[in-house]
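Please find below a short note on the model, arranged as numbered points.

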Amino acid sequence: MCGPSGTGKTHLAAAIGNALVDAGEPVRFVSVPDLLDHLRSAFDPAVGAQYDAIFLQAIEAPILILDDLGAQSSTAWADEKLDQILTHRFNRRLPTLVTTGLQFTELGDRLRTRLGDPYFSTVVNIKSGSGIPDIRDSGLEPRLTESMTFDSFTKGAAGATAAQKRSLAEAQAAAKVFAEHPSGWLYLAGPTGVGKTHLAAAIVGESIAEGREVLYRFVPDLLDNLRKSYGPAGGKSFDHTFSQVRDVDILVLDDFGAEASTAWAEEKLYQLIVHRHDSMLPTVFTSRSTLETIGGSAYRNESRYSDAIISRLSDANVVAERYLSAPDYRHRGAAPRPRSGSSTRKSSRK
């Protein structure tokens with residue numbers, strides 16, 4: 001069972017243990033940090049319990065419940081002991097329940113192959129949430145979701161041509177359909193200020209209201225956060241930060257193409273895009289570059305992105321593109337402000 005702290009994993013594990021005891025089944029329940037502490041202390045001859053006895057209690061227990069895997073201090077010795085216990089129990093097919101606050105993808109390769117075996121193991125992901133949608137968990141500022149909704153998106157821009165108004169209406173309709181039934185990829189393209197971020201924020205707000213798991217990330221900031229997570233100052237590990245974005249149910253990448261072009265950034269975007277494309281995870285892109293500009297044959301030799309990225313963005317079976325064309329969205333419908341003193345000058349001329 002995987003899930004953030006406070007989602008009830010230990011509660012469920014303890015309930016299972018109590019039910020087994022009531023049924024007369026022998027079960028051992030122990031937290032992973034406590035188990036490793038007991039094993040370390042057993043090396044001390046002054047302690048009555050012997051190492052082998054404590055180790056056998058875990059490795060041969062008829063039913064074992066290991067609580068809070070990943071909360072222990074990570075050392076080569078600790079990893080070795082856990083690998084021994086779980087490998088032995090896996091090979092013997094001994095009933096075992098493990099809870100962890102880590103995402104399944106953050107576990108080591110050997111643990112994942114055992115805990116994720118499709119013929120023997122079951123992985124249960126428990127998501128956080130009180131039942132009340134919280135926009136702050138999405139990475140989008142609440143003030144943006146309050147102001148950037150589908151209802152507030154103006155289709156008729158002052159001074160816009162009929163073709164421009166039609167492009168806005170088509171983009172809004174596509175965004176609404178995506179928000180109601182998230183599937184495939186939606187690529188919103190257009191110059192600065194036409195409302196791409198507005199529609200992306202509206203999708204986030206609607207997704208939260210429907211109780212869906214969604215993340216909003218401004219691409220340059222996302223890459224900066226990933227770089228920082230490499231260093232000791234990073235609050236979370238790189239694997240955690242990256243897997244959270246890579247595996248979220250719905251991902252919104254705002255201003256794709258505005259990031260600094262480096263080999264490292266290209267590699268991370270490649271990993272992200274390939275994974276979400278292969279897993280068919282709903283994704284929204286906003287960009288100042290059209291797909292034709294990014295991947296058209298006339299531009300392919302000049303594109304900043306690799307063929308692997310371009311190929312997936314150009315997949316017509318997955319990606320729907322909408323181009324927004326209109327006067328600057330931030331000035332839409334705003335009446336020009338009179339210059340100070342203008343009325344006085346007019347009256348004096350009269």
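1. Helix 4 (residues 76-92) lies across strand 2 and strand 3, and its direction is about 140° to that of strand 2. Helices (H or I, at least four residues) and strands (E, at least two) are DSSP runs, numbered from the N terminus. Axes are lines fitted to C-alpha atoms, for helices over the stretch in contact, and angles run from 0 to 180 degrees between N-to-C directions. Contact means heavy atoms within 4.5 Å.

2. The model is predicted: local features need pLDDT of at least 70, side-chain atom pairs count only at pLDDT 80 or more, and totals for chains, interfaces and linings use all residues. Residues are numbered from 1 along each chain as its sequence is written, and side-chain values use heavy atoms, with hydrogens and water left out.

3. Strand 2 (residues 64-69) and strand 3 pair in the parallel sense over 4 bridges; two strands pair if DSSP finds at least two bridges between them. Leu69 has Thr100 in strand 3 as its bridge partner. The open sheet has 3 strands in the order 1-2-3, with parallel pairing. Strand 1 (28-31) and strand 3 (96-100) are its edge strands, each pairing on one side only. On average, neighbouring strands of this sheet are turned by 10° against each other, direction ignored.

4. Helix 7 (residues 162-180) and helix 8 (residues 196-209) pack at about 25°, with their axes 9 Å apart. Helix 7 is therefore roughly parallel to helix 8 (angles under 35 degrees count as roughly parallel). Ala171, Gln172, Ala175, Phe178 and Ala179 in helix 7 meet Leu199, Ile203 and Glu206 in helix 8. By class, this contact has 6 nonpolar, 1 polar and 1 charged residues (Ala, Val, Leu, Ile, Met, Phe, Trp, Tyr, Cys and Pro count as nonpolar, Asp, Glu, Lys and Arg as charged, and the others, Gly among them, as polar).

5. Why is helix 10 (residues 238-247) largely enclosed by the rest of the structure? The reason is that 7 of its 10 residues are buried (under 20% relative accessible area, 1.4 Å probe, protein chains only). The buried residues of helix 10 are Phe238, His240, Thr241, Phe242, Ser243, Val245 and Arg246. Their cover includes strand 5 (214-218), helix 9 (219-228), strand 6 (250-254) and helix 11 (263-278).

6. Asp255 sits in the loop between strand 6 and helix 11. Asp255 counts as buried because its relative accessibility is 16%. Leaving aside neighbours within four places in sequence, Asp255 is in contact with Phe218, Val219, Pro220, Thr286 and Arg288.

Methods: Buried < 20%, exposed > 50% of the residue type's maximum accessible area, 1.4 Å probe, protein only. Parallel < 35°, antiparallel > 145°, perpendicular 65-115°, else oblique.
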